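Dear colleague,

Please find below the structure that I am handing over to you. My findings follow directly after it, grouped by region.

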Amino acid sequence: MGGAAVGYALAKAGRRVLFIEKGFSQFSQDEDDPDTFDETMRLRNGRWPQQISGMVDNQSVRFFPALGCGAGGSTLLYAAALERFSPGDFQATDELGEPAWPIDYEGLEPFYRLAERLLQVRGSQDPLQPEADVIDPPVMTRCDQYFFDSVQSNGMHPYRVHTACRYVEDCSQCGGAICHKSCKQDARHAFIEPALATGNAMIVDQCNVEKIEAGKGEVTELLCRRNGKALTFTAKRYVLAAGALSTPLLLLNSRNELWPNGVANTSDLVGRNLMFHVSDFFAVWPRGRMRVSTPGKSIAFRDFYEYQGLKFGVIQSTGLTATSRNILHFLKSIIDRQGWIWLKPLKPLMRIPAAIGAFISGKATIFASILEDMPYPENRVKPNPQEPDRIFFEYTVHAELRQRIKAFRRLYRQAFKRHRMMVLGSEVNLNFGHACGTCRFGTDPSTAVLDVNNRTYDLPNLYIVDASFFPTSGGANPSLTIAANALRVGAYIAEELATKICV
Ligand SMILES: Cc1cc2nc3c(=O)[nH]c(=O)nc-3n(C[C@H](O)[C@H](O)[C@H](O)COP(=O)(O)OP(=O)(O)OC[C@H]3O[C@@H](n4cnc5c(N)ncnc54)[C@H](O)[C@@H]3O)c2cc1C
């Protein structure tokens, strides 16, 4: 998302832009299987080609990540819920009690507005938050109206979720896969295609950036590989946007004599403070004998975003029902993410409990929660000597997170009181699709990798605009904030190039 948005801003400002993308820029509509090991098939469907590995609470895990690969990045697969962070998120403090965000909500607000317009965000105003620039959505399905009224009668303040979904008929399932019906606005449609249309931008796809060459004061070139062939690119400004897992890996793998700890890593913070949200998926049944079907992914509420001094997050409907296919997907992903290696051979048999689950759950609708994660330096991405080119991370679930998970579950149960509910997942459901924080921005070079304009403190011609820059993870979906900030940085770089106010 970040790379597409900054490239759009620069191309629109008349600057020449080259997008370098590991995956494809055109995608097939053939068979798509999120579990396949076939790397070409994965790339053809916008999926990250390899498994990633890590240690969660000292237990090893290895799985195909919820990450996109191709022009548009992870937004190819995203569910397109585009919510702003709340003004309070920008007032968070760091471990020293200093402001964690070097910009405030008001500074980002014009770019939130621009991002909402470009991504054609639909929804209604959240009564608990400042106004957003959203288009009226179509009427809710009967099912969503039923749940909307029900949570409202339980004292919540629901609103129509903000989404870059055009609600095209017969297209309710494009979350988790590329949308071929022009329903979901992803970064490819909203930013890359319009950037290319200016004539100022070009894209080189199937091109993996392998190393950033840097001298003492600047990046000098990018070493890349395209279909086995080595390529080198040079530019005036380099904007890195490989995602919060790949960006730090690339910087750390680019170490040389001048940068023994990795490029732009004087602070030793590259890769650290890795955050994921915790996202529960939970089934909610209508009350009594009520029969409702066809959920439409249209409800959200933020009553517990900040509650009694604690940070929680947003609750959203997903548009999914508890079918055996959906339950099967949850069961398989739990096995992968929990590192239950002994259960992996049984994965094909999971269809049986999934079918039983679907039978028992009947007409349940699935909601999702997003719980803010906090930054800890020891939670990090770092190269694994055995597989230096593959993503590897270490993550410890801190006691305070476990406590907030429990407290949040108690709270959202209240929102659905008098409904039967079941959390589909385990004790801690880390949302690996929402990685952020691994090259944070801030006002102090000893506690941040990037300055207020997302420029690396170490190398004035290197910027980073993906989710790595987040100093805190907020309690809402990350993409709108990534896009808004990248548009802000794009405007800054265009201005900087025009006035040559710096080297
Ligand atoms: C299934 C799913 C559902 C989601 N739903 C939502 C949602 O509803 N709302 C929301 O806000 N967010 C959602 N997200 C998260 C959101 O998509 C990401 O937070 C966001 O796209 C991250 O943007 P980014 O710029 O950090 O990185 P990305 O969008 O991931 O872009 C990184 C790009 O860099 C490329 N790249 C990586 N390494 C290299 C390399 N070495 N050389 C060249 N190119 C490289 C990748 O191929 C990719 O195109 C979802 C994610 C997933 C996977």
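I begin with the surroundings of one residue. Leaving out residues up to four places away in sequence, Leu462 touches Val219, Tyr238, Leu240, Leu251, Val263, Ala264, Asn454, Arg455 and Thr456. Please bear in mind that this is a predicted model. Leu462 belongs to strand β21, which covers residues 462-464. With a relative accessible area of 2%, Leu462 is buried, since the cut-off for buried is under 20%. For orientation across the model, Leu462 and Glu83 are separated by 379 residues in sequence and by 28 Å in space, C-alpha to C-alpha.

The loop between β20 (430-436) and β21 holds Asp451. Asp451 also counts as buried, at 16% relative accessibility. Apart from its neighbours within four places in sequence, Asp451 is in contact with Phe441, Gly442 and Tyr457. Asp451 and Thr294 are 157 residues apart in sequence, and their C-alpha atoms are 47 Å apart in space.

Another buried position is Cys207, with 1% relative accessibility. Cys207 is placed in strand β6. Its contacts, not counting residues up to four places away in sequence, are Ile20, Glu21, Lys22, Cys224, Arg225, Arg226, Leu231 and Phe233. From Cys207 to Ala486 there are 279 residues in sequence and 22 Å in space, C-alpha to C-alpha.

I turn now to the helices. Two packed helices are described by the angle between their axes and the distance between the axes. Helix α10 spans residues 479-499. It has 21 residues and reaches 30 Å from its first C-alpha to its last, close to the 30 Å expected at 1.5 Å a residue. Of these 21 residues, 16 are buried, so α10 is largely enclosed by the rest of the structure.

One partner of α10 is helix α1 (residues 2-12); the two pack at an angle of about 35°, and their axes are 8 Å apart. The crossing of α1 and α10 is right-handed. On the α1 side, the contact involves Gly2, Ala5, Val6, Tyr8, Ala9 and Leu10, which meet Ile482, Ala483, Ala486, Leu487, Val489, Gly490, Ala491, Ile493 and Ala494 of α10.

The crossing of α3 with α10 is right-handed. From α3, the contact draws on Leu108, Phe111, Tyr112, Leu114, Ala115, Glu116 and Leu118, and from α10 on Leu480, Thr481, Ala483, Ala484, Asn485, Leu487, Arg488 and Ala491. The residues in the contact of α3 with α10 comprise 11 nonpolar, two polar and two charged.

Helix α1 has a further partner in helix α5 (residues 187-197): their axes come within 8 Å and cross at roughly 30°. The helices α1 and α5 are therefore roughly parallel to each other. The crossing in which α1 passes α5 is left-handed. The residues that make this contact are Ala4, Ala5, Gly7, Tyr8 and Ala11 of α1, together with Ala187, Ala190, Phe191, Ile192, Pro194 and Ala195 of α5. They divide into 10 nonpolar, one polar and no charged.

Finally, some backbone angles deserve a note. Most residues other than glycine have a negative phi. Gln206, although not a glycine, has a positive phi of about 50°. Gln206 sits in the loop between β5 (201-204) and β6 (207-214). It is partly exposed, with a relative accessible area of 25%. Asn273 likewise is a residue other than glycine with a positive phi, near 60°. The position of Asn273 is in the loop between α6 (246-253) and β10 (275-278). Asn273 is buried, with a relative accessible area of 3%. Just after α10, Lys500 takes a positive phi of about 50°.

With kind regards

Notes
Residues are numbered from 1 along each chain as its sequence is written. This is a predicted model: local features need pLDDT of at least 70, side-chain atom pairs count only at pLDDT 80 or more; totals for chains, interfaces and linings use all residues. Side-chain values use heavy atoms; hydrogens and water are left out. Axes are lines fitted to C-alpha atoms, for helices over the stretch in contact, and angles run from 0 to 180 degrees between N-to-C directions. Helices (H or I, at least four residues) and strands (E, at least two) are DSSP runs, numbered from the N terminus. A crossing is left-handed if the near helix is turned anticlockwise from the far one by less than a right angle, and right-handed if clockwise. Contact means heavy atoms within 4.5 Å. Ala, Val, Leu, Ile, Met, Phe, Trp, Tyr, Cys and Pro count as nonpolar, Asp, Glu, Lys and Arg as charged, and the others, Gly among them, as polar. The expected span of a helix is 1.5 Å times one less than its number of residues. Buried means under 20% relative accessible area, exposed over 50%, partly exposed in between (1.4 Å probe, protein chains only). Angles under 35 degrees count as roughly parallel, over 145 as roughly antiparallel, 65 to 115 as roughly perpendicular and the rest as oblique.
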